[in-house]
Amino acid sequence: MQVRNAKEAGRYGDGQGLFLEVGKSGSRSWIVRVQVDGKRRDIGLGSANDVSLADARTKAEEVRRALREGRDVVAEKRAAKAEPVKLPTFREAAIQVHREHLPSWKNGKHADQWLATLEQHAFPTLGDIPVRDVTGPMVRDTLAEIWLVIPETARRVRQRIGAVLDWAHAKGWRETDAPLRAITKGLPKQPKKDNHFAAIPWKELPAFLEKLRTNDRVGEPYRLAMEFLILTAARSGEVRGARWSEIDVSSSEWRIPGERMKAGKPHTVPLSARAMAILSRMQELRTSDDKGALIFEGSRKGSPMSDMTLTMMLRRMDLDFTVHGFRSCFRDWAAEATNFSREVCEAALAHTVENRVEAAYRRGDLLEKRRKLMDAWDGFCVGGTGKVVSFAKKRK
């Protein structure tokens, strides 16, 4: 009766810290006052319209018991009110991992392939499964379908699945990280394969270049891009992303910024006479006066050639070696046909010095020695005479 008749705003005590609180608006609710770490705290027990005096006393005792047991009652109440965390599926987790790692990847091709391989080979079986419930046997069965058919891709898919599961474990969405070691042991042994890129024998390169220059089935900018790649011993991505702002005509140098290099360090390429002649011709074909414009544009203005453009050129010529193999061809020629030191040849390829002691002492870029090397390479590529020949079509 006292609870029902309490109308005036204020607090009405029931004993042992239990109070009925009446607001100015007439609202009525139960609170229990307790001591936590020497501080007074008022904990709500609900509306008096819904909670009877007997229930309020029971709830107050539950709060006091929880505090004696060392539990945080307020935190428990907040957790109970909070919306349950929705665990992502494997597909959703993979997309988040890809998004978080994307800024750290310098190679756009790698970034695209990272998610594409999972979409093709992992999502069909694992994509809709909550990432918490993906098991080792599930991953093993997914990989088994491609393990011996496309071994290299299968290993990459394994690593990427592992990255997603490890990320989910770090987020607290899985009890364990990826059991890759056990998964691999459950798969058959892959046959050993030579991982070297197929390369044209260096003695055949001048003949190939002659065939390339006279190939009317391929547009001139694409032929020149391929020849420029060969003459500079550069990687495909470095050539396709080359911009006019990187070229120093006065010193005949191509200065590639670190963010475009595999090792993340700036690299200067001394340009031979033929390489400069190619750039001169590309100036004539240039579609933009922007200093930062691409040198070798793709089919769309302002866009680079795709990573398959140069590869498809070789396929159309019925050749079974790779674009990257031209770097191996250059290295074989330098080792077998010249007296240039190993250090100079490796520096020309922008290879990182693996020996830490050697790297600490060899801080120069051997630029002038590399210039002589690239001039010799130019001479070999145009027929072994060193004579510079203009291959640009005569303009009427």
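1. A quick word on terms to start: two strands are taken to pair if DSSP finds at least two bridges between them. Helices (H or I, at least four residues) and strands (E, at least two) are DSSP runs, numbered from the N terminus. With that in hand, glycine 10 has valine 22 as its bridge partner in E2. Please keep in mind that this is a predicted model, where local features need pLDDT of at least 70 and side-chain atom pairs count only at pLDDT 80 or more, while totals for chains, interfaces and linings use all residues. Residues are numbered from 1 along each chain as its sequence is written, and side-chain values use heavy atoms, with hydrogens and water left out.

2. Now the overall picture. The protein chain holds 18 helices and seven strands. It has 396 residues, of which 40% count as buried (buried means under 20% relative accessible area, exposed over 50%, partly exposed in between, with a 1.4 Å probe and protein chains only). Taking contacts (heavy atoms within 4.5 Å) between residues at least 6 apart in sequence, 58% join residues at least 24 apart.

3. Four strands make up an open sheet, ordered E1-E2-E3-E4, with antiparallel pairing. Strands E1 (10-15) and E4 (39-47) are at the edges with a single partner strand each, so one side of each has no neighbour in the sheet. From one strand to the next, the twist averages 30 degrees (axes are lines fitted to C-alpha atoms, for helices over the stretch in contact, and angles run from 0 to 180 degrees between N-to-C directions). Helix H2 (residues 53-68) packs on this sheet and touches E1, strand E2 (18-22), E3 and E4. The direction of H2 makes about 20 degrees with that of E3.

4. Strand by strand, here is how the pairing goes. E1 and E2 are joined by five bridges in the antiparallel sense. Five bridges also link E2 and E3, again antiparallel, and leucine 20 has tryptophan 30 as its bridge partner in E3. Between strand E3 (residues 28-36) and E4, which run antiparallel, there are eight bridges; valine 34 is partnered there by arginine 41 of E4. As for cover, four of the five residues of E2 are buried, leaving that strand mostly covered.

5. Which residue takes a positive phi in the hairpin of E2 and E3? That is glycine 26, with phi near 100 degrees, in a hairpin with five residues between the strands. The hairpin of E1 and E2 has two residues between its strands, and glutamine 16 has a positive phi near 55 degrees there. That positive value belongs to a residue other than glycine. Glutamine 16 sits in the loop between E1 and E2 and is exposed, at a relative accessible area of 66%.

6. Alanine 350 is another residue to check by eye: its phi is positive, about 60 degrees, although it is not a glycine. This alanine lies in the loop between helix H16 (342-348) and helix H17 (356-361). Is alanine 350 buried or exposed? Alanine 350 is buried, its relative accessible area being 18%.

7. Asparagine 215 is in the loop that runs between helix H10 (205-213) and helix H11 (220-232). With a relative accessible area of 12%, asparagine 215 is buried. A polar atom of its side chain lies 3.0 Å from the backbone nitrogen of arginine 217. Once neighbours within four places in sequence are set aside, asparagine 215 contacts Arg223 and Met317.

8. On helix packing, H15 (residues 325-337) and H18 (residues 367-381) pack at about 100 degrees, with axes 11 Å apart. H15 is therefore roughly perpendicular to H18 (under 35 degrees counts as roughly parallel, over 145 as roughly antiparallel, 65 to 115 as roughly perpendicular and the rest as oblique). H15 contributes Cys329, Phe330, Trp333 and Ala334 to the contact, and H18 contributes Leu373, Met374, Ala376, Trp377 and Phe380. By class, that gives nine nonpolar, no polar and no charged residues (Ala, Val, Leu, Ile, Met, Phe, Trp, Tyr, Cys and Pro count as nonpolar, Asp, Glu, Lys and Arg as charged, and the others, Gly among them, as polar).

9. Lastly, aspartate 307. This residue is found in the loop between helix H13 (273-284) and helix H14 (309-316), and is partly exposed, with a relative accessible area of 28%. Aspartate 307 and serine 236 are 71 residues apart in sequence, and their C-alpha atoms are 7.4 Å apart in space.

Technical notes. Polar contact = N/O pair within 3.5 Å; in protein donor to acceptor, adjacent residues only side chain to side chain.
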